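Here are my notebook entries from a first look around, written for anyone who is meeting this structure for the first time. Come along and check each stop with me.

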Amino acid sequence: MNCDIRGMELTKAYKFRIYPDTKRQEEIDESISLAQKLYNKLLEKSINGKISRQTFNKYLHEILLENPEYHALYSQTRQDIRDRLIKTYQNFFRRCKEGKGKKGFPKSKPFDKYKSITYPQDNGSFSIERIKGFNRLRVSRIGTMKIELHRQIEGKIKTLTIAKEGKEYYAIFSVAIKRDEPQKAQDTNPVGIDLGLISFNAMSDGRKVEKPKFFKKEEKRIALWQRRVAKKKKGSNNRKKAKLHLQHEWNKVTRQSEDFAQKLSHDLVSAGYTSFAVEDLRIQNMVKNHHLAQSISNACWGGFLKFLTYKAGENGLPIMKVNPQNTSKTCSNCGNILEMPLSKRMFNCDRCGLQLDRDINASINILNRAMVGQTKSHAWGDSASTMQKAWRAESLNQEHTLQQAEEAHTL
Ligand SMILES: [Zn+2]
């Protein structure tokens with residue numbers, strides 16, 4: 001049994017021996033032979049390499065007019081032959097493009113190489129029935145035959161292929177199975193997370209995660225190399241060298257950020273929270289932040305969010321993204337809005353008297369917004385490759401910031 005994952009669906013293939021009687025064998029052999037001839041006829045017509053579905057449909061139509069015997073093939077089986085040939089051409093052109101030589105131009109299929117016919121859709125063209133205690137396979141244009149169902153078919157049958165192997169006949173069903181989604185936990189312990197100003201982040205349960213030490217260290221080194229790049233003459237070798245150093249420092253901070261974000265997201269997902277409310281960073285244009293320390297922090301935060309989204313998804317914990325506007329300025333107790341310059345570390349509400357760390361206050365607002373059902377986005381189905389892409393994008397963002405910083409210095 002073959003298995004293959006496509007999106008949220010699994011495709012499985014089940015193969016069963018079938019026992020057509022002599023009459024049915026002749027029907028199958030005749031169909032396979034017709035299918036093979038039709039394949040070769042289509043190939044002849046398409047030798048110019050025009051392979052659009054439309055063109056092939058035109059060819060099919062012409063062939064049927066000239067040779068009415070092909071009507072004996074089920075219409076969808078004819079379409080499947082067309083699709084097989086299109087695929088063969090596409091593979092050939094792909095190989096050419098990849099520079100793997102011009103070998104393998106689609107060839108006509110001799111009878112002994114063409115051994116199956118496919119019914120590409122379960123729309124009544126075939127069925128399994130139980131007759132007098134036996135399982136029987138009924139196939140349009142061929143008839144009914146015994147089938148050895150040695151295993152229960154799970155999922156929805158999509159296609160049937162009848163194949164001849166030596167003197168034996170087989171029915172191969174391809175089946176779509178819905179992939180199990182992670183079990184959704186009861187949301188009893190949700191947490192809001194704010195991108196902290198002083199700390200790395202602050203959480204609605206009062207927890208804070210400090211900024212990692214390498215932030216400060218790397219910030220200094222990056223600033224140093226930025227100054228050095230700026231001092232060198234444009235186009236000079238020394239400038240090139242300094243730029244390489246600068247790039248090296250950025251790479252270092254990217255790697256360290258990645259480690260940090262991996263560990264932190266792992267810790268949070270295992271900490272017993274049942275869902276996470278975070279700021280939707282797409283709303284703020286974070287990359288365009290000219291302040292170096294903040295751009296390091298933002299890049300790392302973006303990476304952390306993506307890891308968290310991925311890991312939470314794996315564990316069936318929802319991530320809710322909320323509009324970050326005014327989360328720092330709003331009182332999480334009474335909704336009062338205050339001006340909160342960056343120098344203010346505490347939120348002191350002049351209406352209800354709330355006194356709270358500014359970032360913790362913001363994280364509670366983020367949680368509250370998620371709870372009233374703002375933009376919800378669940379993380380099901382994020383893949384590891386999406387994560388890698390996300391990290392690459394993050395590094396690119398840093399390159400962008402690097403360029404900006406450099407321009408700022410050279411002006
Ligand atoms: Zn208040």
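Predicted model: local features only at pLDDT ≥ 70, side-chain atom pairs only at ≥ 80, totals over all residues.

Entry 1, the zinc ion. I found the SG atoms of Cys 331, Cys 334, Cys 349 and Cys 352 as its donors, lying 2.3 Å from the metal. Along the chain, I could read their spacing as C-x2-C-x14-C-x2-C.

Next I checked the angles. Among the four donor atoms they run from 104 to 115°. I noted the site as tetrahedral, because all angles of such a site must lie between 85 and 135 degrees. For my own reference, the ideal angle for four tetrahedral donors is 109.5 degrees.

Is Cys 331 buried or exposed? I noted it as buried, because its relative accessibility is 2%. Cys 334 has 26%, so I put it down as partly exposed.

Then I came to Asn 326, where phi is positive, near 65°, although the residue is not a glycine. I located Asn 326 in the loop between β13 (319-322) and β14 (346-348). Its relative accessible area is 31%, so I marked Asn 326 as partly exposed.

I found Lys 132 in the loop that runs between β4 (126-131) and β5 (134-139). I wrote Lys 132 down as exposed because its relative accessibility is 79%, and the cut-off for that word is over 50%.

How values were computed: Residues numbered from 1 in each chain as written. Heavy atoms only, no water. Helix = DSSP H or I, 4+ residues; strand = E, 2+ residues; numbered from the N terminus. Buried < 20%, exposed > 50% of the residue type's maximum accessible area, 1.4 Å probe, protein only. Donors = N, O, S within 2.8 Å, 3.2 Å for Na, K, Ca; no water. Tetrahedral: all angles 85-135°; square planar, octahedral: opposite > 155°, others 65-115°.
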